[in-house]
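Open the model in your viewer and keep the selection panel at hand. Each stop says what to select and what is there.

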Amino acid sequence: MRLRAIAALVRAGWRTATSYRVRFTFSLLSIVVTIVPLYFVSRALQPVMAPVIATEGVHYFAFVTLGMFAVGVVGSALSALPDAISRDLNSGFFEAVVSTPTGPGAVALGLSGYSIMRNTLRGAILVMAGTVLGINLAWERLPYALVIVLLIVLAHFGIGLIAGALVIAFRTNVGIPQMVLLASGLLGGVYYPTTVIPSWIERVADVVPLAYGLRALRHTLLDGRGFHLVLNDLGVLFAFAIVLLATGSMAYRASLRYARQAGSLSQY
Amino acid sequence: MSSSTAASSGSPLVSVHALTKRFRVRRSWSDVRRHPFARVQQTSVDRVTFDVRGGEFFGLLGPNGAGKTTLLKVLATFILPDEGEVRIDGYDVVREPELVRARVAPVIANERSLYWRLTAKENLELFAQLWNVPAREIPKRVRDTLEVVGLSDTGRKMVGQFSSGMLQRLLIARALLPEPRVLLLDEPTRSLDPVSAREFRRFLREELATRRNCAVVIATHNADEALGLCTRVGVLNAGRLLAVGTARELAQRAGDDRYVVWTDAPDHPALRNREGTSMLPHSGDLPMNGWTAVTVRAAGGEHASATVLAELIRAGVTVARFERASVTLAELIEAVIRTSPNGEGQ
């Protein structure tokens with residue numbers, strides 16, 4: 001894996017984004033604006049939600065802010081690569097990049113890296129703004145939380161690799177990022193805990209990686225639990241990350257080979 | 001075979017042997033319904049064989065759809081061949097694509113393949129990293145390359161503000177950055193003005209061929225490139241390589257029996273009654289006051305032309321100049337296609 005190449009592509013994404021100065025500034029300011037209505041809605045819902053979320057923090061505002069953070073990161077990990085490939089196939093940039101000796105893994109990470117980092121940072125700013133409005137975080141558990149966020153990103157990046165492979169081979173992601181994001185939003189415990197999900201759909205929720213990651217994240221950051229107390233969720237999330245990354249990596253390489261065979265790699 | 005072995009032993013840097021590539025033909029829905037399992041394929045490159053050595057310019061000529069771009073894309077590892085063998089500097093494009101990519105640089109024709117919100121320098125720095133140029137060499141390499149293509153004074157100007165000629169030069173700079181052993185160019189001067197195009201060809205000849213000993217494969221429709229720059233050219237038609245030779249050889253084959261006679265008596269019976277004689281189009285515009293250009297045929301090489309000239313002079317025709325008729329690229333390609341039996345390649 002060529003770290004220099006990945007860093008160079010991420011830096012190019014950053015330079016491009018910051019060259020649109022007004023857009024870049026407003027995208028950061030909008031996060032702060034988002035948190036204010038969220039705060040008031042959460043306060044209004046607190047009496048209703050308090051008993052439901054008792055096992056994952058006490059305050060609904062903190063609960064839902066971490067949910068918003070996680071779903072933002074997941075959305076980016078899912079769609080950053082297929083979006084970048086789609087855009088760069090159309091412009092010819094993808095062809096230019098794959099003509100270099102940089103390997104396909106480094107290209108995938110480099111093309112999607114900036115978008116994932118930007119959305120993770122935006123989420124972090126959201127949480128920081130939340131702390132100003134009263135969220136109490138277990139700061140000593142921050143390193144654990146970072147590991148959990150990394151696993152969430154990796155698991156969903158594996159799905160992003162599969163979607164990217166479909167774009168390379170067939171010029172469509174067949175809606176995979178959108179479907180997974182929808183399932184994560186509804187069944188991943190973003191706005192309400194997974195314990196309140198009706199039993200008939202609970203089986204589906206079992207295969208939503210975000211459900212495990214978000215539960216572990218809240219236990220760690222809001223309840224201050226150590227790794228040993230979230231091992232079950234962490235283990236399942238780790239298994240998801242391994243399986244999905246391996247599957248995504250195979251699909252991505254196979255799609256490049258297919259496109260080279262079909263001659264569609266450099267068709268705009 | 002290692003790079004150094006290939007280069008030092010005088011082996012070709014580009015070696016293409018019996019290369020064949022077929023593509024599936026997209027079928028209509030009704031056809032798919034009638035024959036769901038049928039497979040229709042079109043041969044884009046058909047048993048093509050040629051070599052290119054270091055310092056050599058090889059031109060690929062042919063009408064649109066002849067297979068030139070497909071051939072370049074196989075050399076660039078963008079397309080996998082179905083049959084045959086392609087080696088770049090000794091490395092196989094199918095089995096060792098990473099090693100091939102480290103040696104071959106295609107000039108991607110699409111200007112959008114650059115970061116338009118970055119400067120020329122930033123774009124080249126990015127690709128220097130992707131090409132794995134050693135970090136300490138990058139500033140000098142980028143500076144030198146920008147200077148070579150005449151873009152060193154573009155400063156903080158974003159690439160999106162460049163003219164099409166500047167973009168073309170930047171695409172070429174990007175390809176030169178890794179100091180490739182083999183350069184692949186698809187109509188490289190099409191966006192350049194005539195003066196820049198001539199400068200660029202001079203650069204290609206002096207810098208790439210003479211100094212760096214690169215092999216350059218050019219797909220072109222430009223006569224100056226094909227006839228003036230290329231050491232050898234190959235004519236492709238319908239995927240088949242019909243002829244390979246020096247541009248002069250092929251030009252002679254296309255127009256070897258046509259000669260231009262500059263005379264003040266174009267209606268002289270010795271000319272008028274001669275079979276295969278015609279006035280050159282727009283001869284009145286040609287820069288020889290009072291002299292008219294007339295083409296005559298003389299099949300049989302230099303001896304035949306000498307005989308014709310002697311006959312004309314003996315018959316009292318005043319001849320100011322007698323020269324081989326120049327051949328346009330279109331005439332050359334047409335002649336090669338026409339004279340190849342059933343379009344069969346070499």
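**Stop 1: a helix pair**

Select helix H5 (residues 120–130) and helix H7 (residues 164–176), both of chain B. They pack at an angle of about 30°, with their axes 10 Å apart. That makes H5(B) roughly parallel to H7(B) (angles under 35 degrees count as roughly parallel). Axes are lines fitted to C-alpha atoms over the stretch in contact, and angles run from 0 to 180 degrees between N-to-C directions. Helices are DSSP runs (H or I) of at least four residues, strands (E) of at least two, numbered from the N terminus.

This is a predicted model: local features need pLDDT of at least 70, side-chain atom pairs count only at pLDDT 80 or more, and totals for chains, interfaces and linings use all residues. Residues are numbered from 1 along each chain as its sequence is written, while chains are lettered from A and ligands numbered from 1 in the order in which they are written.

Now show the contact residues. B:Ala120, B:Asn123, B:Leu124 and B:Phe127 in H5(B) meet B:Leu170, B:Ala173 and B:Arg174 in H7(B) (contact: C-beta atoms, placed from the backbone, within 7 Å).

**Stop 2: paired strands**

Select strand S1 (residues 14–24) of chain B and strand S4 (residues 83–88) of chain B. They run antiparallel, joined by 5 bridges (pairing needs at least two DSSP bridges). B:Val14 stands opposite B:Ile88 in S4(B).

B:Arg22 has B:Thr43 in S2(B) as its bridge partner.

Technical notes:
Angles under 35 degrees count as roughly parallel, over 145 as roughly antiparallel, 65 to 115 as roughly perpendicular and the rest as oblique. Two residues are in contact if their C-beta atoms, placed from the backbone, lie within 7 Å.
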